[in-house]
Amino acid sequence: MKRKRIGKLVNFIVFFSLVIFLVACSNVDSKTSSDHDDKSTESSGDSDVIKIGLQAPMTGDNAQYGEEMRNGIELAFTKINHDGGVNGKKLELVVGDDKATTSEAVAVVNKMINNDGVRAIMGGYNSSPTIAAQEVSGQAEVIHLHMGASPELSTIENDYLFRNLLTGSTYVPAVLEYMAKEEGIEKVVSLYENTDYGVTMHKAAEEAAGSLGVEFITNETYNPGDKNFSSQLTKIKNLDPDAVMIVGLYNEVALISQQAKQAGLDVQFFSPDDSMYSEQLLLLGGDTVEGHIFASMLNLEMESEEMNEFKKLAEENNVPVEALTAIAYDGAIALAKAFEEGGDSNEAVRDALATIDLTGVTGPIKFDENGDRSYPPLIMQVQDDEFIVIQN
Amino acid sequence: MKKMKELGYSKMGLIIGGIVLFFLPFLITNPYFIYVVNLILIYIILTLGLDLLVGYTGQVSLGHAGLFGIGAYSTALFSTKLDYSFWVTLPLATIITTMIGFVVGFIGLKLVEEYLVMATLAFGTILWLVFLNWSDLTGGPMGVSAIPAPPTIRIGSILEYGFNKYIDYYPLFVAFVLLSIFVTRLIIRSGFGRACTAIRDDELAAQAMGIPVFKTKVVMFTISSAYCGVAGALYAHFLHVVSPETFAFAMSVTILTMVMIGGQGSIIGAILGATLLTVTSEALRSTPELRMMIYGLLIILVMMFFPRGIMGLMHLFKEKFIKNKTVNTVVNSEVKKEGLRYE
């Protein structure tokens, strides 16, 4: 009997120490969620800190994108905080994992705005979660600088919503025009992700195709996270198209390219945007992604003052140079600039961001009336395991 | 003090609980916390529903996320595609979920124990795949968005109550939770409820006593799915967006874990389980990479050391407390009961 009681006591102690450990854990983390630049965070007093939230997939299939975005923002914050911060205030990053799903995105944006008191949200990499989450940030009048490509995001009436990317309706015609004029394609099959991103990009492509003499003979879809594309590829092979447009992320692009090769489908693949502009594509796809054409908003090999500075900073902080890291870095710099001009009022910061005019790593940072960045994209191709600009 | 003792601890707890529920919106001003509280209330309804099946009838289901999804999706579709109001979609969703629950129960409950678990698991996965792949209707991975809030309640010109903020949903959800608790109590105290408990404790004996085992189980499964329908409808109107990943296998496990951690066959247990798990999951948000790991570890440990959940633990302490007090008197409660020791 006595032994039994002791056993129960031990259980009880284990349980409570676990609870205490958990509580302690969450406290510590909420204090130093900006992990890398611990030195500069004096924390607590909200008057000397501006908190910015990151809504991005940190776990799951798309975790790599979240990681790259975090790297970029942290690089920018390290630099700004080192140079004295924004009007003397330090920037602090609060990371929120949206798992690339809508419900988690709503929850996490909610938490960051209402609980952590962030003044702006960066991210939303995937379009569908961003569309859902912007409702929360829009109601709270918090700036939401996202990185989704879907053209649908331009049509949403939310003055606080900005896009740190070119919109799909800029990317798609550019790449289609190149494919029609330089590669001479006529019959295209589109294979797209069955999400807001894929569907709207495909629609934009179909609209642009008419005037270019390109015809979409059929379209196939897949769900994010799918691993097997053989049924779609077999159908595509039977149609014998000139080219296949893949609207998707690098995981899927790499897998599709590999499986296409195995299925004996030997056509030109291209994609409308730069979501596959990552070393990961080359690692995963190997030589099967050779020749892949896509439109890109930036060129990491470009010789410019900003690019060199970014690369130097990345090297100092041991961060891999990736396209998305550079894009996020630019966004963070622009946001900091807007906060410098706008000060304590969210509305003033919003107005400052809307009229911002900077030269960033990626190119000119300017937002049009829809809150999108717009300038003509580059056309790039994978050649010998490198990303080469084939048309400026 | 004496009066309090006469009143009994359980009633005192009830009064305290009532006061807390009433004053909660005044105490919490942070909208995020209110959001979490509302989520907890939805989970309580789900947990109560599953507990009727697991805790009181002894049938384990891993397909309740699918039923939850049916509730959420039918509300979402009725309100976005046909512009039906919340007060219409809620009963509609409940009826649809109940009907599907009946069909599933009718087919699945011919199986017992682990075979039933497998069948419900498969059924839950099928539903999830339907949500994910029937793009024309469910929107595929994008789900259904822009689900309207419940319409403003107007009683003449005296009262006007709109659903704009999270706090506005709180009274509505509390009302539904109280209703669910009330219905649950009614069911488990009825003859039908007793029959279910008998099936849980010994199916063969129950059959020998003349209880129609299969029929009872199917009815309970159907009632349980009605809870999921209500929870799903509330969830859809609260979040304004539904997407398939919410209703995947993980959700079924979460609901089941809430039942287990709280303590099967106990209303307070269901409330505690739903609260503890939701709060833990939200508190761990600041460490996204470790979140699921710590969460999983916590569940494993609780299951290892307290397989009967919090209410089981409480019961153990209470029993000891009583035993210590009445050590010299004749103890009648020594009668050994099979199955769960608390009702």
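Two strands are said to pair if DSSP finds at least two bridges between them. The model described here is a predicted one. With that criterion for pairing, the sheets of chain A can be set out in turn.

**The five-strand sheet of chain A**

In chain A, five strands form an open sheet whose order is E2-E1-E3-E4-E5, with parallel pairing. Its edges are strand E2 (90-97) and strand E5 (161-163) of chain A, each of which pairs on one side only. From one strand to the next, the twist averages 25 degrees.

At one end of this order, strand E4 (residues 143-146) of chain A pairs with E5(A) in the parallel sense over three bridges. Within this pair, His144(A) is placed opposite Leu161(A) of E5(A). Helix H2 (residues 63-82) of chain A packs on the sheet and touches strand E1 (49-56), E2 and strand E3 (120-123) of chain A. Helix H3 (residues 102-114) of chain A also lies across E1, E2 and E3 of chain A.

**The seven-strand sheet of chain A**

A further open sheet of chain A has seven strands in the order E7-E6-E8-E9-E10-E13-E14, and its pairing is mixed. Strand E7 (215-222) and strand E14 (386-391) of chain A are the edge strands, each pairing on one side only. The twist here averages 30 degrees from one strand to the next.

Strand E9 (residues 268-271) of chain A and E10(A) are paired in the parallel sense over two bridges, and Ser271(A) has Phe294(A) in E10(A) as its bridge partner. By contrast, E10(A) and strand E13 (residues 378-383) of chain A run antiparallel and are joined by four bridges. There, Ser296(A) has Leu378(A) of E13(A) as its bridge partner. In general, strands of a sheet pair through backbone hydrogen bonds, in either the parallel or the antiparallel sense.

Strand E10 (residues 293-296) of chain A is covered on both faces: Ile293(A) and Ala295(A) on one side, and Phe294(A) and Ser296(A) on the other, are all buried.

Helix H6 (residues 168-182) of chain A packs on this sheet, touching strand E8 (243-247), E9, E10, E13 and E14 of chain A. Helix H7 (residues 196-212) of chain A packs on the sheet as well, touching strand E6 (187-193), E7 and E8 of chain A.

| H2(A), residues 63-82 | E2(A) | about 170 degrees |

**Chain B as a whole**

The secondary structure of chain B consists of 15 helices and two strands. Its radius of gyration is 21 Å, close to the 20 Å that the globule rule gives for 343 residues, so chain B is as compact as a globular protein of that length. The C-alpha trace of chain B spans about 70 × 50 × 50 Å along its principal axes. Of the 343 residues of chain B, 47% count as buried. Among its contacts between residues at least 6 apart in sequence, 76% join residues at least 24 apart.

The average pLDDT of chain B is 84, and 92% of the residues score at least 70. Over residues 330-343 of chain B, however, the pLDDT is below 50, and this stretch has 12 contacts in the model beyond near neighbours in sequence.

**The contact between the chains**

For the complex, the predictor gives an ipTM of 0.73 and a pTM of 0.80. In the model, 29 residues of chain B are in contact with 32 residues of chain A. On the side of chain B that touches chain A, the elements giving two or more residues are helix H3 (31-54), helix H13 (267-283) and helix H14 (288-305) of chain B. H14(B) provides the largest share, six residues. By class, this side of chain B has 15 nonpolar, 11 polar and three charged residues.

The axes of H3(A) and H3(B) come within 8 Å and cross at roughly 145 degrees. Asn110(A), Lys111(A) and Asn114(A) of H3(A) make this contact with Pro31(B), Tyr32(B) and Tyr35(B) of H3(B). These residues divide into three nonpolar, two polar and one charged.

Notes. Residues numbered from 1 in each chain as written. Chains lettered and ligands numbered in written order. Predicted model: local features only at pLDDT ≥ 70, side-chain atom pairs only at ≥ 80, totals over all residues. pLDDT = per-residue confidence, 0-100. Contact = placed C-beta atoms within 7 Å. Rg over C-alpha atoms; globule rule 2.2 N^0.38 Å. Buried ≥ 20, exposed ≤ 12 C-beta atoms within 10 Å, placed from the backbone. Nonpolar A, V, L, I, M, F, W, Y, C, P; charged D, E, K, R; others polar. Axes fitted to C-alpha atoms, helices over the stretch in contact; angles between N-to-C directions.
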